[in-house]
Amino acid sequence: MDQIMSPALDTDFIASQNAPLAAAVQEEYDALGRTLDRRGIDIAAITSAVAAFAVASPSWAVGSGGTRFARFPMGGEPRNIFDKLEDCAVVNRLAGATPTVSLHFPWDEVDDLSGLKDFAGTLGLGFDAVNSNTFQDHPGNALHPLSYKYGSLSHTDPAVRAQAVAHNIHCAELGAKLGAPALTIWLGDGSNFPGQSNFTRAFERYIDSVKTVYASVPGDFKLFLEHKMYEPAFYSTVIQDWGSSLLAAQAVGENCLCLVDLGHHAPNVNIEMIVARLVHAGKLAGFHFNDSKYGDDDLDAGAIEPYRLFLVFNELVDAAYRKAPGFAPSYMLDQSHNVTDPIESLMTSAVEVQRAYAQALLVDRSALEGFQDANDPMMASQTLKRAFTTDVQPILAMARLQKDAAIDPVSAYRASGYRAAVTRIRPAKSGGSGGIV
Ligand code: LRH
Ligand code: MN
């Protein structure tokens, strides 16, 4: 597979883009360093923690996303997993925070897995949790002759359940061969009418199926269960909320954990408290970061509710600070880019997740604990707000500069002409009707 030789991946090009910006970054960084020093915080320690922070890119989000109404593809749509990895490499090279990719099967499946792994390696990429797909039928795919219209792992028909179980075992094997740590299982299984499904029997069939998958996955390979309130089912969903996910993960086994997709909750749900509960239970798998205002909008992380994202990271930094048992979450983006260039959205979203992490590192945890124990809500709230309102942009830019990434990823990307180059190379895809990918 021949690689696209783009300036977007070239160290000298990136250095030329950074040169006119570096002095200002250094000046702002030094000023912030003095501010944080007065708070007893070492900016260098924060910067190296931020530089080490990583979030995975979703392979399914580098093409233009859409809704059930329409999809408006831009030029240079990826044709296959190799194109997707090239685009993910640009995101990582310029924003310096996405060294792994989360794959989706069968969309990304190839016969030559070691070839795929090597190709990713040449792009400086590895793999995070892979994803199975029993939420749509796969016409012509011999492994999926039966339909998932009425469910998959919780289907009333044991033959359909067996087909879905086999698919998930297959995805885990593909993931393990690629060095991925886990398989994420998200299902559309549910009902559209009261009475259509027996909640308990469906849930027990689901647990039984996941137990069968769990029994077949290699040693420390993990299963991540992803809950979602609704869609595609609009009355009940088998794994509808964190409670159902936790009950199932506890029933399945130690390496079965609960993944939190920020968009899978009703508006105004206290997601940061769900995170605290899953950490308490030792069952937090990790995240699909995105943002939303209404439903599972899959908007760019931090674009709508940056304070909520900060509050989630406040719980994560607190868990690390308390050395919570079994705390090792996987961080992944899961978004749909309907009106922006996906590469720009993935770069800026990775930076927004990094920003929330950096701000959460600035929380004075011992002071906060004191105000909480003293029942001083005003000072407790102000302690969080002080961290959230600290402009950590110089730290994020310095972390990128120190990694030879781009101080301003979007400007560097646009200056690289990458989109125009792939638009020339990759045949245009028609738009037409909806569908997220
Ligand atoms: C379901 C979901 C799931 C993916 C899919 C692309 O809404 O969040 O994580 O499989 O999006
Ligand atoms: Mn998701």
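Reply:

**From the loops to the ligand site**

Lys 323 has a relative accessibility of 70%, and therefore counts as exposed. The cut-off for that word is over 50% relative accessible area. The model is predicted, and what follows should be read with that in mind. Lys 323 sits in the loop that joins helix H9 (306–321) to strand E11 (330–333). The backbone there has a positive phi of about 50 degrees, although Lys 323 is not a glycine. Most residues other than glycine have a negative phi. A second case is Asn 268, with a positive phi of about 70 degrees, again in a residue that is not a glycine. Asn 268 belongs to the loop between strand E9 (256–261) and helix H8 (271–280), and counts as exposed because its relative accessibility is 74%.

Now the site itself. Which residues hold the manganese ion (ligand 2)? The ion is coordinated by Glu 226 through OE, Asp 261 through OD, His 288 through ND1 and Asp 334 through OD, at distances of 2.1 to 2.2 Å. Along the chain these donor residues follow the spacing E-x34-D-x26-H-x45-D. Two of them come from distant parts of the chain: Glu 226 is in strand E7 (residues 222–226), and His 288 is in strand E10 (residues 284–289), 62 residues apart. Both Glu 226 and His 288 are buried.

Why is the arrangement around the manganese ion (ligand 2) called octahedral? Six donor atoms surround the ion, and the angles they subtend run from 72 to 170 degrees, which makes the arrangement octahedral. The test for six donors asks that opposite donors be over 155 degrees apart and all others between 65 and 115.

A shell of 12 residues surrounds ligand 1, the closest being His 104, Glu 226, Lys 228, Asp 261 and Asp 334. By type, the shell divides into four nonpolar, three polar and five charged residues.

- For Glu 226, an N or O atom of the side chain is 2.7 Å from an oxygen of ligand 1.
- For Asp 261, the corresponding distance is 3.0 Å.
- For His 288, the corresponding distance is 3.2 Å.

The protein covers 96% of the 300 Å² of accessible area that ligand 1 has on its own.

Two peptide bonds deserve a note. Most peptide bonds are trans. The bond from Phe 105 to Pro 106 is cis, with omega near 10 degrees, and Pro 106 lies in the loop between strand E2 (100–102) and helix H4 (113–122). The bond from Glu 231 to Pro 232 is likewise cis, with omega near 10 degrees. Pro 232 is in the loop between E7 and strand E8 (236–237), and E7 is the strand that carries Glu 226.

Gly 65 is in the loop between strand E1 (57–58) and helix H3 (81–95), and counts as buried because its relative accessibility is 3%. Its C-alpha is 8.5 Å from that of Pro 342, although the two are 277 residues apart in sequence.

Phe 135 is in the loop between strand E4 (130–131) and helix H5 (158–178). With a relative accessibility of 24%, Phe 135 counts as partly exposed.

Helix H5 contains Val 160, which is buried, with a relative accessible area of 4%. Val 160 and Gly 263 are 103 residues apart along the chain and 28 Å apart between C-alpha atoms. Trp 186 lies in the loop between strand E5 (182–185) and strand E6 (190–191). Its relative accessibility is 15%, so Trp 186 counts as buried. From Trp 186 to Tyr 321 the C-alpha separation is 30 Å, over 135 residues of chain.

Notes:
Residues are numbered from 1 along each chain as its sequence is written. Chains are lettered from A and ligands numbered from 1 in the order in which they are written. This is a predicted model: local features need pLDDT of at least 70, side-chain atom pairs count only at pLDDT 80 or more; totals for chains, interfaces and linings use all residues. Side-chain values use heavy atoms; hydrogens and water are left out. A residue is near a molecule or strand if one of its heavy atoms lies within 4 Å of it. A polar contact is a pair of N or O atoms within 3.5 Å; within protein, one must be able to donate a hydrogen and the other to accept it, and residues adjacent in sequence count only if both atoms are side-chain atoms. Accessible areas come from the Shrake-Rupley method with a 1.4 Å probe; for residues, only the protein chains shown count as cover. Ala, Val, Leu, Ile, Met, Phe, Trp, Tyr, Cys and Pro count as nonpolar, Asp, Glu, Lys and Arg as charged, and the others, Gly among them, as polar. Donors are N, O and S atoms within 2.8 Å of the metal (3.2 Å for Na, K and Ca); water is not among the atoms, so sites may look incomplete. Four donors count as tetrahedral if all angles lie between 85 and 135 degrees; four count as square planar and six as octahedral if opposite donors are over 155 degrees apart and all others between 65 and 115; anything else is irregular. Helices (H or I, at least four residues) and strands (E, at least two) are DSSP runs, numbered from the N terminus. Buried means under 20% relative accessible area, exposed over 50%, partly exposed in between (1.4 Å probe, protein chains only).
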